[in-house]
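Take a slow look at this protein chain before reading on.

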Amino acid sequence: MTRTVYVNGQYLPETEATVSIFDRGFLMADGVYEVTSVLGGKLIDFDSHLKRLERSLNELDMQKPGEFGDLLDIHRELVRVNEIDEGLIYLQVTRGSDGDRDFVFPAADTKPTVVMFTQNKPGLANSEASKKGNRVISIEDIRWGRRDIKTVQLLYPSMGKMMAKAAGCDDAWMVEDGKVTEGTSNNAYIVKSGKIITRELSNDILHGITRAAVLRFAREAQMVVEERSFTIDEAKEADEAFTTSASAFIMPVVEIDGVQMGDGTPGPVSKRLREIYLEESLKTAI
């Protein structure tokens, strides 16, 4: 079935959707994006994703698209026409194109390019992967220094996924100056003696929307949370580990660099957090 997508004000069959070859998202990775989960046909954490999108645009001095105020309606229409019950909506905004390639930003009145599409993911909330957990490897973090901006510069995270695949694993955790920053497409956590530990917010990591919600729910459930850096060796000695993201919610980690976590199955803290997150997020889904 051909999806209906959104490109610059138009709803189109995906086979008819095009952008300029001179678009700066294509030529310079000069763009930002958001991915919003859909459960039961409703959007999860939409307002938070919209606020982060606005922040990313501001940090890159990128013009806010004219349809910014209509993004909720556009999301809902894409969910409706593509009959998405469980899945994802991808939104990308680039600096657009003034008809040629140049390192210098185009004129201020150049319209941003806005692209949106859905991904149908039946079983997203009850995924088999979350029941068995992920195996991860550690790799050096060599990305640029503004990881707090959700840009489309995803080549190295993609390479990290492939490094993990080549090692027979599911994902990679990136390490800088001996400390874990984050996963290739998620925030990273360990659990020690019941305490949830995750790196503090800074320019070094993405300010995850799911991260913020999970930590809030954890504290409301009287769980102890400590926001600080941790080493990969500390992670290997932890009782549990997990990641969070909009596309996988809470994903248990059962192995790090070949070292099994606990008994090699998802631990009680990550399993409980996943239950709480899904239950609470559905209450506020729109």
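A polar contact is a pair of N or O atoms within 3.5 Å; within protein, one must be able to donate a hydrogen and the other to accept it. Keep in mind that this is a predicted model.

Start with Thr-118. This residue lies in strand 6, which spans residues 113-120. Is Thr-118 buried or exposed? Buried means under 20% relative accessible area. Thr-118 has a relative accessible area of 1%, so this residue is buried. Its side chain makes a polar contact with the side chain of Asn-82, at 3.5 Å. Leaving aside neighbours within four places in sequence, Thr-118 is also in contact with other residues, including Leu-78, Ile-84 and Ile-89.

Leu-78 leads us to helix 3, residues 71-81. Which residues of helix 3 are buried? They are Leu-71, Ile-74, His-75, Leu-78 and Val-79. Seen down the helix axis, these buried residues fall within an arc of 140°, so they line one face of helix 3. After the helix comes Glu-83, with a positive phi near 50°.

Now turn to the nonpolar cores. In soluble globular proteins, nonpolar side chains tend to be buried together. Here the largest nonpolar core has 27 residues. Those with the most contacts inside it are Ile-196, Phe-242, Phe-249, Ile-250, Leu-273 and Tyr-277. Several elements each supply at least two residues of this core, among them strand 3 (31-39), helix 6 (209-220) and helix 8 (268-284).

Go back to Tyr-277 for a moment. Not counting residues up to four places away in sequence, Tyr-277 touches Ile-44, Asp-45, Thr-210, Ala-213, Val-214, Phe-217, Phe-249 and Ile-250.

Last, find strand 8, residues 171-176. How many of its six residues are buried? Five are, and the strand is mostly covered. Strand 8 pairs with strand 7 (residues 134-140) in the parallel sense, over five bridges. In this pairing, Ser-138 has Trp-173 of strand 8 as its bridge partner. From strand 7 the chain crosses through helix 5 (residues 155-166) to strand 8, and this β-α-β crossover is right-handed.

Strand 8 has another partner, strand 9 (residues 179-183). These two strands run antiparallel and are joined by three bridges. Glu-176 stands opposite Lys-179 in strand 9. The two strands form a hairpin with two residues between them. In the turn, Asp-177 has a positive phi of about 55°.

Terms used
Residues are numbered from 1 along each chain as its sequence is written. This is a predicted model: local features need pLDDT of at least 70, side-chain atom pairs count only at pLDDT 80 or more; totals for chains, interfaces and linings use all residues. Side-chain values use heavy atoms; hydrogens and water are left out. Buried means under 20% relative accessible area, exposed over 50%, partly exposed in between (1.4 Å probe, protein chains only). Helices (H or I, at least four residues) and strands (E, at least two) are DSSP runs, numbered from the N terminus. The arc is that of the directions from the helix axis to the C-beta atoms. A nonpolar core is a set of buried Ala, Val, Leu, Ile, Met, Phe, Trp, Tyr and Cys residues joined through side-chain atoms within 4.5 Å. Contact means heavy atoms within 4.5 Å. Two strands pair if DSSP finds at least two bridges between them. A crossover is right-handed if, with the strands pointing away from the viewer, the path from the first strand over the helix to the second runs clockwise.
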